[in-house]
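Have the model open while you read.

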Amino acid sequence: MKLTDNEIRDITQHLEAGKPLPDKYRFLLFDDKREVELVWSGKTGDVCNVVLPFQVIEQVDEPRAESTVKMQMDLFDAQTGRQIKGWNNKLIWGDNKLILSSLKNGALREEIEAQGGIKLIYIDPPFDVGADFSMDIEIGGETLTKKPNVLEELAYRDTWGKGADSFIAMIYERLVLMRDLLAEDGSIYVHCDWRVNSYIRLVLDEVFGKENHLSSISWRRSSSTGSSKAISRKFPANQDTIFFYKRSRNYNFNRQYLPYSTEYLKRFSHDDNDGRGKYRISDLNTYSSKKLEELRIDNRLLYPKKEGANYSYKRYLSETKGVVIDDVWVDINFVNPMANENLGYTTQKPEKFIERIIKASSNEGDLVADFFCGSGTTLAVAEKLNRKWIGSDLGKFGIHTTRKRMIGVQRQLKAEDKSWRAFEILNLGKYERQHYIGVNPSLREEEKQKQLEAREKDFLDLILHAYRAEPVSQFKTFQGKKAGRMVAVGAVNLPVTRLFVEEIILECRSKHITRVDILGFEFEMGLFPNIQEEAKSKGIDLAMKYIPRDVFDKRAIEKNEVIFHDVSFIEIKPHFKKSSVAIELTDFSVFYSQDAQNADVNLKNGKSKVIVDKGQVVKIFKDKDGIVSREVLTKLWTDWIDYWAVDFDFESKKESVRIKNEETGEYEDIWTGDYVFENEWQSFRTKKDRTLEMQSVFHECQTGRRKIAVKVVDIFGNDTMKIVEITIGGNQ
Ligand SMILES: C[S@@+](CC[C@H](N)C(=O)[O-])C[C@H]1O[C@@H](n2cnc3c(N)ncnc32)[C@H](O)[C@@H]1O
């Protein structure tokens, strides 16, 4: 590198003034890699390597028929018909950056490798700005649009906050982690559209190597272009691109075929009635004498009819596989709103489409993964094709949609007398405290830390102010105090975890504190109500409250309009019959609000709006004279329920996490103090069938005391649990 005196002076002046260097120095100061490379703001090549322990919070497994259990006693429990050994499929809730990094570097890696590693990854990241995290819920003939919760909104801002720059930074890091997780003979498919495909192609070339690019598949989404697209002054967009890369030369690929057209089939018009079926006559253009002899012996050779003409031979229809599928897919339509498989998930992809990918790049028994699984299409198809699977999604609604879908698949496979695997729902139990709300990633580590601390303090002040609590400083876990209760605030970007609450309980015990409010944007699945029960047994009254979205709305805070609503409430009634018990759901309430503040005032004359006001979905209508009327759409408490399930013996399966013992280097299973919820009976609404049973079946139990857990998932995809202790036989 040779810089002129002028250039050196110019650089020095810029540095002394603390100004960024002009672009031309990028090429003068750094090594020329002589490669086409995509550069974006904040590109560092750093990749997350955090390891967090996975926590199984739920297991779902349709009981198998007695005959199946008898044939494989070592695999299934004789009493319950559930899987007790072998691989459990995994549905993981959380940010896939942390999930991928923990899978790559943590205890589950060993289990994955024992299955032969991940052979296929399909991802369909959120390239459609705005389509994620909000969803439409049909209620009382109206549509309520559920807005993203704060965690989802933050993830959305992470991805799109700085447009393409932040999207690429997000996807780059995840693709590097996926590459490192993929088996040597595995492959990856990345689904994108015109908005990001040019960037993703370059990122994939960089991460996987140009030489590993196999196909760029063009998928025509719809056979018609639709009226709204057709009117724009351009060719209507009707195509997605799916990039297909291999991990190494040693990859697996099964060629896929389409059936021949009826026109083509007509050419197979001959039949010798020798059992070999129909054939067509084809010219034999090049051949060896050996080949000729083989055809003759097989009675397939047809001699030239006149001198100088070619030999021909019989080509049997039964020996042909169909038309080879190339990289232009026009035979599969997007999921039609009326289709049976439609789950109301905006970005859902067709099963037939994913089936082609899974069949092409994996075999039965292989492990397939989708880290942006949405409504779970990849997982449903993988299960039906007898593959093992791992799926993850950040949205609670995505996880819940997938849970219901997979229960449906298990039931379908059972009805068809086919096999299926149990699946687990997992959480990342303990989170590293991370920076939130856009700490500048290009800063140096210590500056980042400073900015983070400042942001955390601002955030805390904001929440305490909105909650009308006064700040306190001499505590480890409490930041405020209100009306005789201590106040603890959960992190902005993470759910309140069990570990977090346990620390609070510890401090309460050492300082004789008995009344506590915990404020959180999200609570870890399965946290309630056992943690409150546990605290109660130690004389501590724990109240958990949701921090509402409007906490970031200054005006709402000033007007004292921010409501911290309670977590949901469940009431159940057990019914006994000899040694069996059934559970009836007798009440369920939520306390959400969305768009309720000043809804009447903000509404224009002649317009209506659906809002949520303290646990009621309400349609507000303002007539042309400005007179407002309100109609409550949630007429029954059951309208809030989307799914409920019962575990008839809650404490039968301990929840544990695998953590590396730093001294021995070995992984150890450590009990978290909680239990895994086993879905032993469930009732849920589907898009087609909106009915819900309110009482479970009777379940045979051993006599004695036991705990029964009931989990309810509301129409927003949030779950709440209730545990009751009962006695079977004797005094109930
Ligand atoms: C385009 S959708 C996938 C749809 C899916 N292919 C299907 O058929 O239903 C993208 C999904 O990525 C999820 N997502 C976005 N950011 C994520 C993140 N950081 N970690 C995990 N999932 C994420 C969204 O919640 C959304 O469900």
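1. Strand 21 (residues 485–489) runs parallel to strand 22 (residues 515–520), with 4 bridges between them. Within that pair, Ala 488 sits opposite Ile 518 of strand 22. Strands here are DSSP E runs of at least two residues and helices are H or I runs of at least four, numbered from the N terminus; two strands pair if DSSP finds at least two bridges between them.

2. Before going on, some housekeeping: this is a predicted model, where local features need pLDDT of at least 70 and side-chain atom pairs count only at pLDDT 80 or more, while totals for chains, interfaces and linings use all residues. Numbering starts from 1 along each chain as its sequence is written.

3. Zooming out, the pair belongs to an open sheet of 6 strands, ordered 19-20-21-22-23-24 with mixed pairing. Strand 19 (470–471) and strand 24 (565–566) are the edges, each pairing on one side only. Helix 15 (residues 445–467) packs on this sheet and touches strand 19, strand 20 (480–482), strand 21 and strand 22. Its direction makes about 140° with that of strand 21 (angles run from 0 to 180 degrees between N-to-C directions; axes are lines fitted to C-alpha atoms, for helices over the stretch in contact).

4. Next, a helix pair: helix 7 (residues 164–181) packs against helix 8 (residues 197–208) at about 30°, axes 10 Å apart. The crossing is right-handed (near helix turned clockwise from the far one; left-handed would be anticlockwise, by less than a right angle). Which residues of helix 7 meet helix 8? Ala 164, Ile 168, Ile 171, Tyr 172, Leu 175, Val 176 and Arg 179 do, and their counterparts in helix 8 include Tyr 199, Val 203 and Phe 208. Contact means C-beta atoms, placed from the backbone, within 7 Å.

5. Strand 4 (residues 135–139) and strand 5 (residues 142–146) run antiparallel, joined by 5 bridges, and Glu 138 has Thr 143 of strand 5 as its bridge partner. There are 2 residues between the strands, and Gly 140 takes a positive phi near 50°.

6. Finally, the ligand has 19 residues around it, with Phe 372, Gly 374, Ser 375, Thr 377 and Gly 395 coming nearest (near: C-beta atom, placed from the backbone, within 6 Å). The shell divides into 5 nonpolar, 9 polar and 5 charged residues.

Technical notes: Nonpolar A, V, L, I, M, F, W, Y, C, P; charged D, E, K, R; others polar. Contact = placed C-beta atoms within 7 Å.
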